[in-house]
Amino acid sequence: MAQNTVIKVFVQRDYSRGTNCRFMTEMPVELNGKIDEQAFQHTIQGINEIMDDAEKIGPASYFENCLGCLTGYLSLLCFETHYNKCLKRLSEYINQQNTNVFVPLGLMLTNPMDRGLRVVEICILNVASR
């Protein structure tokens, strides 16, 4: 009797530009023939752009941090930080990519936050095994 299994493919962090949270745009060999390489790279680049924006240091992040220090971080209960806004945007982007690109191809993209920003996990669904 055939059972459905799930194969997990991992896209590793890219440390070629330093320690900022970026993921490799090189498509894993396990995905060959399952998704167009340009669609895969577009998705990973979108994730990288959102994470670049989240980790950008500017006047707003300085203000958020100073206000947090001055209020014992109670101010974080009153407003959402730029970083958290970017993480929400990342979650929405992942959901949109799953709906429009990955799920119709039998794949499922997992939010990197669910894996501690260490990897992007892509599940290959509906793989029959014996």
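This is a predicted model: local features need pLDDT of at least 70, side-chain atom pairs count only at pLDDT 80 or more; totals for chains, interfaces and linings use all residues.

**Briefing on the protein chain**

Tyrosine 73 is located in the loop that joins α2 (59–70) to α3 (82–102). Its phi angle is positive, at about 65°, although tyrosine 73 is not a glycine. The points below begin with the chain as a whole and then turn to individual elements and residues.

**Overall architecture**

- The protein chain contains three helices and three strands.
- Read from the N terminus, these elements follow the order β-α-α-α-β-β.
- The radius of gyration of the protein chain is 18 Å, whereas a compact globule of 130 residues would have a value near 14 Å.
- The C-alpha trace spans about 65 × 30 × 20 Å along the principal axes of the protein chain.

**Burial, contacts and surface**

- Of the 130 residues in the protein chain, 36% are buried.
- Among contacts with a separation of 6 or more, 56% are made by residues 24 or more positions apart.

**Helix α1**

- Helix α1 covers residues 37–54, which amounts to 18 residues.
- From its first C-alpha to its last, helix α1 reaches 26 Å, close to the 26 Å expected at 1.5 Å a residue.
- The buried residues of α1 include Phe40, Ile44, Ile47, Ile50 and Met51.
- Asn48 and Asp53 are also among the buried residues of α1.

**Loop between α1 and α2**

- Isoleucine 57 lies in the loop between α1 and α2.
- Isoleucine 57 counts as exposed because its relative accessibility is 62%, and the cut-off for exposed residues is over 50%.
- Isoleucine 57 and leucine 74 are 17 residues apart along the chain, and their C-alpha atoms are separated by 21 Å.

**Tyrosine 73 and helix α3**

- With a relative accessibility of 46%, tyrosine 73 counts as partly exposed.
- Leucine 87 belongs to helix α3.
- Leucine 87 has a relative accessible area of 13% and is therefore buried, since buried means under 20%.
- Apart from neighbours within four places in sequence, leucine 87 is in contact with Met51 and Met113. Met51 is itself one of the buried residues of α1.
- Leucine 87 and arginine 17 are 70 residues apart along the chain, with their C-alpha atoms separated by 21 Å.

**Loop between β2 and β3**

- Threonine 110 is placed in the loop between β2 (107–109) and β3 (119–129).
- Threonine 110 counts as buried because its relative accessibility is 12%.
- Not counting residues up to four places away in sequence, threonine 110 touches Ile94, Arg115, Val120, Glu121 and Cys123.
- Leucine 117 is also placed in the loop between β2 and β3.
- The phi angle of leucine 117 is positive, at about 55°, although leucine 117 is not a glycine.
- Leucine 117 is buried, as its relative accessible area is 12%.

Key: Residues are numbered from 1 along each chain as its sequence is written. Side-chain values use heavy atoms; hydrogens and water are left out. Helices (H or I, at least four residues) and strands (E, at least two) are DSSP runs, numbered from the N terminus. The radius of gyration is taken over C-alpha atoms; the globule rule is 2.2 Å times the number of residues to the power 0.38. Buried means under 20% relative accessible area, exposed over 50%, partly exposed in between (1.4 Å probe, protein chains only). Contact means heavy atoms within 4.5 Å. The expected span of a helix is 1.5 Å times one less than its number of residues.
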